[in-house]
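Hello,

I am handing over the structure we talked about, with some notes on what turned up when I went through it. Please have a look at it first, and then read on.

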Amino acid sequence: MFDKKFVHHFSVFLIWLFSISGILGILNEDYTDWFLSKTPLNLLLTFVILIVNIANLKPKIIVALSIPFFIGFVTEALGVNYGLIFGNYAYGENLGYKVFGVPLIICVNWALLTAVTADVAKLISKNRIFSSIIGGALMTILDLILEVSAPRFDFWEFEGAAVPLQNYIGWLITAFAAHLGYQYFKVKTNISISWHILISITIFFSVFLFY
């Protein structure tokens, strides 16, 4: 078995390696497509890093993470097929394999973002309702940043190319519901890892706000 400190430090190294190499790779036009096509692998490995750094893995953690995963899947399926919740949009090819038009990795991303924003939200409030509101708001703010690059990266695009207000309202409500379910199980993830993941994702997409 590896020492916990080694696992933590190596995990932090990998998080930033993925983020920095992704930024540099996408900025280099010769490698843009290759790096963007590896987005599902990047998200999956980041999710694995989150799991590996949980000190006491219990079955309830799987149940807790499955809540935002399935909430994400259902709401995204309603969105891409019927224009409900978030508006009329469709996913591109860079997020990998789809079920009912929804890339499965986006459901992993719902679980990942819920977990890391929950850690931050619970620092602000221990009350599950309030921390779920805060967590949902953090995820919605992050979506504001993501939406700028999503069409260019062939992740997803809204009908008419304009992101409707409905999307952000839908995100806030859906993320709040995901947090309520996830936080009910009082999962103790590694807060340091959560901070690194959240900050690295924010920096990554913030760079491309000006690209």
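Let me start with Thr189, which is buried at a relative accessible area of 14% (buried means under 20%, exposed over 50%, and partly exposed in between, with a 1.4 Å probe and protein chains only). Before going further, please note that this is a predicted model, in which local features need pLDDT of at least 70, side-chain atom pairs count only at pLDDT 80 or more, and totals for chains, interfaces and linings use all residues. Residues are numbered from 1 along each chain as its sequence is written, and side-chain values use heavy atoms, with hydrogens and water left out.

Thr189 and its surroundings

Thr189 sits in the loop between α7 (165-183) and α8 (191-207); helices (H or I, at least four residues) and strands (E, at least two) are DSSP runs, numbered from the N terminus. Its side chain makes a polar contact of 2.5 Å with the side chain of Asp119. By polar contact I mean a pair of N or O atoms within 3.5 Å; within protein, one must be able to donate a hydrogen and the other to accept it, and residues adjacent in sequence count only if both atoms are side-chain atoms. Not counting residues up to four places away in sequence, Thr189 touches Leu50, Ile54, Ala115, Asp119, Tyr182 and Ser194, where contact means heavy atoms within 4.5 Å.

The side chains of Ser194 and Asp119 are joined by a polar contact of 2.5 Å. Ser194 counts as buried, at 0% relative accessibility. With neighbours within four places in sequence left aside, the contacts of Ser194 are Leu50, Ala115, Val116, Asp119 and Thr189.

Ile61 belongs to helix α4 (residues 59-82) and is buried, at 5% relative accessibility. Which residues does Ile61 contact, leaving aside its neighbours within four places in sequence? They are Ile54, Asn56 and Val187. Between the C-alpha atoms of Ile61 and Val187 there is a separation of 6.2 Å, for two residues 126 apart along the chain.

By way of contrast, take Tyr31 in the loop between α1 (4-27) and α2 (32-37). Tyr31 is partly exposed, at 46% relative accessibility. Its C-alpha atom is 34 Å from that of Leu172, which is 141 residues away along the chain.

Backbone angles to check

Two residues may interest you if you look at torsions. Asp154 has a phi near 55°, a positive value in a residue other than glycine. Asp154 lies in the loop between α6 (128-149) and β4 (156-158) and is partly exposed, with a relative accessible area of 34%. Lys186 is not a glycine either, and its phi is positive at about 50°. Lys186 is in the loop between α7 and α8, and with a relative accessible area of 62% it is exposed.

The protein as a whole

The protein has 8 helices and 4 strands, in the order α-α-α-α-β-β-β-α-α-β-α-α from the N terminus on. Its radius of gyration is 17 Å, close to the 17 Å that the globule rule gives for 211 residues, so the protein is as compact as a globular protein of that length. That radius is taken over C-alpha atoms, and the rule is 2.2 Å times the number of residues to the power 0.38. Along the principal axes, the C-alpha atoms fill a box of roughly 45 × 40 × 30 Å.

Of the 211 residues, 47% count as buried. Among contacts with a separation of 6 or more, 77% come from residues 24 or more positions apart. The protein exposes about 10900 Å², with carbon and sulfur atoms supplying 72% of it; these areas come from the Shrake-Rupley method with a 1.4 Å probe, and for residues only the protein chains shown count as cover.

Best wishes
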